[in-house]
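Welcome! Please take a look at the structure below and keep it open while you read this short briefing.

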Amino acid sequence: MSNNNNDNLIIEKLFKPKSIAVVGASRNLEKIGGVILSNLVKNKFNGKIYAVNPSAKEILGVPSYPSLLDIPDEVEHIVVAIPAEKVPEIIEEAGKKGVKVATIIASGFKEVGRADLEEKVVNIAKKYGIRILGPNVFGVVYTPMNLNATFGAEHIHKGKIAFLTQSGALGIALMHWTSMEKIGLSSIVSMGNMADIDAIDLAKFFEKDENTKVIGLYLEGLGTGKGHEFIEVFSEITKKKPVIALKAGRSERGTRAVASHTGSLAGSDAVYDSALKQAGVLRASDVEQLFNWAKMMAFSESFEINGKGFVIITNGGGMGVMATDASEFNGLPLLEVPEELKKEFRKTMPWFGSPNNPIDLTGQSNVQNYIEAIKVALESELVSGITVMYGEVAFLDPVELANGIAKTLKEYNKSRKPVNVVMLGGEKTKMGTEILEENGVPVYPIPEKAISSMAALYKYSKIIGKANLKI
């Protein structure tokens, strides 16, 4: 990996090329080259698209040429979807064409013992100043450019989370899952064997990318001698943007599985854990937790947290207890509500409600009860953040509640306190969830996930020195 500014500009071409060519493009959508070209076309990529296939003059409405050298215009980014043994000659051709960056889809390199073939490709690329993503990847997505150069899901929900993954199969599955869950991504990048471009290179791009607010990582290994550089680079990045990592290979058997998957040396989990902490990177325990935390960060307007503790507002005592347990387990400090503030909360609930924390509006609460309780919490300097919880009941319409919460937060959250919501129920509650998230409010299906995500935000605010709680 290089560190000069020219390399950084070249990596930008991975995400923002003026032109892209698919080498190995096909009309057959059961072939990888066909799916990649189709995804570029259907997503209406902002630049020019070319196909390279010696047997076609046009594929899916895209002009096709026998070789890269036959394309009459400049090509900045190529996606190589051909067998591994043919990749070296294509990279040589790309060098003569003046290509800046190559995404190598093919497997059959270091991960299967062909380190020699991988080294040959990298050496040819270096000769011409080409940067390589891969090999052994499913491609790259950058939603602000409508770039979907992958053989994964066609539709990606746009948002502010960049996700970098060493696992291709996991990444493809997550493309579908995040789309289904409407989790917004700025980018998803398959890193594969990281023969050249690695997580450090990519994170440097996303550090400065105005379309990315949170960086998520699935890591199996960094490569020999990269630990110090990782800590140095990510320590700077995490001062500006939260980074959340899922590091695989915790167990002895998992470490061996990593070595056979991407050819990476996983190393000691304790060493990685220490490196992540030193770099200010939050470590998630599973994929869902990573995206739960990332959603909270992406929707938050500020990472500055003040006051004396967090409050839970609920219409169910059981959910309140679960949220309280989760708060203690996750290190989220709950506010000890003083008597004056209790008086204000009592005004927002039936006489048999509880103004303690959790603030229990009871199952007989209505939309107005919620709105007034949220306003009290937003306007109190003692309250650091709020988790609002709703368990579906027959006489409180979750759609009406969602609209009420969204409107209240827009009008009264002037200090930009962190707020998230639990919506637990059926189909109508799901409609309420969609309304809230369309209005930039993070929603979770159960208390534990909401509290864990709020705690992650609090932990990040402490890492960057913006947690000013007077506990």
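Where does leucine 60 lie? Leucine 60 sits in the loop that runs between strand 3 (58–59) and strand 4 (62–65). Keep in mind that this is a predicted model.

**Backbone details**

- Most residues other than glycine have a negative phi, and most peptide bonds are trans.
- Leucine 60 has a positive phi of about 55 degrees, although it is not a glycine.
- Between glycine 134 and proline 135 the peptide bond is cis, and its omega is near -5 degrees. You can find proline 135 in the loop between strand 7 (131–133) and strand 8 (139–142).
- Another cis peptide bond goes from asparagine 357 to proline 358, with omega near 15 degrees. Proline 358 belongs to the loop between helix 12 (339–346) and strand 16 (359–360).

**The largest pocket**

- The largest pocket holds about 800 Å³ of space.
- Its lining is made of 30 residues, and those nearest the centre of the pocket are Glu181, Lys182, Lys295, Thr433 and Glu437.
- Sorted by class, the lining of the largest pocket has 11 nonpolar, eight polar and 11 charged residues.
- Several elements each supply at least two residues of this lining, including strand 10 (158–165), helix 5 (168–180), helix 10 (287–299) and helix 15 (427–438).
- Which helix gives the most to the lining of the largest pocket? Helix 15 does, with six residues.

**Helix 14 beside helix 15**

- Two packed helices are described by the angle between their axes and the distance between the axes.
- The axes of helix 14 (residues 398–412) and helix 15 come within 8 Å of each other and cross at roughly 15 degrees. Angles under 35 degrees count as roughly parallel, so helix 14 is roughly parallel to helix 15.
- Helix 14 and helix 15 make a right-handed crossing.
- On the helix 14 side, Pro398, Val399, Ala402, Asn403, Ile405 and Ala406 take part, and they meet Lys428, Thr429, Met431, Gly432, Ile435 and Leu436 in helix 15. This contact of helix 14 with helix 15 brings together eight nonpolar, three polar and one charged residue.

**Helix 13 beside helix 14**

- Helix 14 also packs with helix 13 (residues 367–379), at an angle of about 25 degrees and with the axes 10 Å apart. That angle makes helix 13 roughly parallel to helix 14.
- The crossing of helix 13 and helix 14 is right-handed.
- From helix 13, the residues in this contact are Val367, Tyr370, Ile371, Ile374, Lys375, Leu378 and Glu379, and their partners in helix 14 include Leu401, Ile405, Leu409 and Tyr412. Nine nonpolar, two polar and three charged residues make up the contact of helix 13 with helix 14.

**Helix 10 across helix 16**

- At what angle do helix 10 and helix 16 (residues 447–463) pack? The angle is about 60 degrees, and the axes of helix 10 and helix 16 are 9 Å apart.
- Helix 10 and helix 16 cross in a right-handed way.
- Glu288, Gln289, Asn292, Trp293, Met296 and Met297 in helix 10 meet residues of helix 16, among them Met454, Ala456, Leu457 and Tyr460. The contact of helix 10 with helix 16 counts seven nonpolar, four polar and two charged residues.

Conventions: Residues are numbered from 1 along each chain as its sequence is written. This is a predicted model: local features need pLDDT of at least 70, side-chain atom pairs count only at pLDDT 80 or more; totals for chains, interfaces and linings use all residues. Side-chain values use heavy atoms; hydrogens and water are left out. On a 1 Å grid over the protein atoms alone, a cavity is a set of points where a 1.4 Å probe fits but cannot get out, and a pocket is an open set with protein on both sides within 12 Å along at least five of seven lines; lining residues have an atom within 4 Å of a point. Grid points are joined across faces, edges and corners, and a volume is the space filled by probe spheres set on the points. Helices (H or I, at least four residues) and strands (E, at least two) are DSSP runs, numbered from the N terminus. Ala, Val, Leu, Ile, Met, Phe, Trp, Tyr, Cys and Pro count as nonpolar, Asp, Glu, Lys and Arg as charged, and the others, Gly among them, as polar. Axes are lines fitted to C-alpha atoms, for helices over the stretch in contact, and angles run from 0 to 180 degrees between N-to-C directions. Angles under 35 degrees count as roughly parallel, over 145 as roughly antiparallel, 65 to 115 as roughly perpendicular and the rest as oblique. A crossing is left-handed if the near helix is turned anticlockwise from the far one by less than a right angle, and right-handed if clockwise. Contact means heavy atoms within 4.5 Å.
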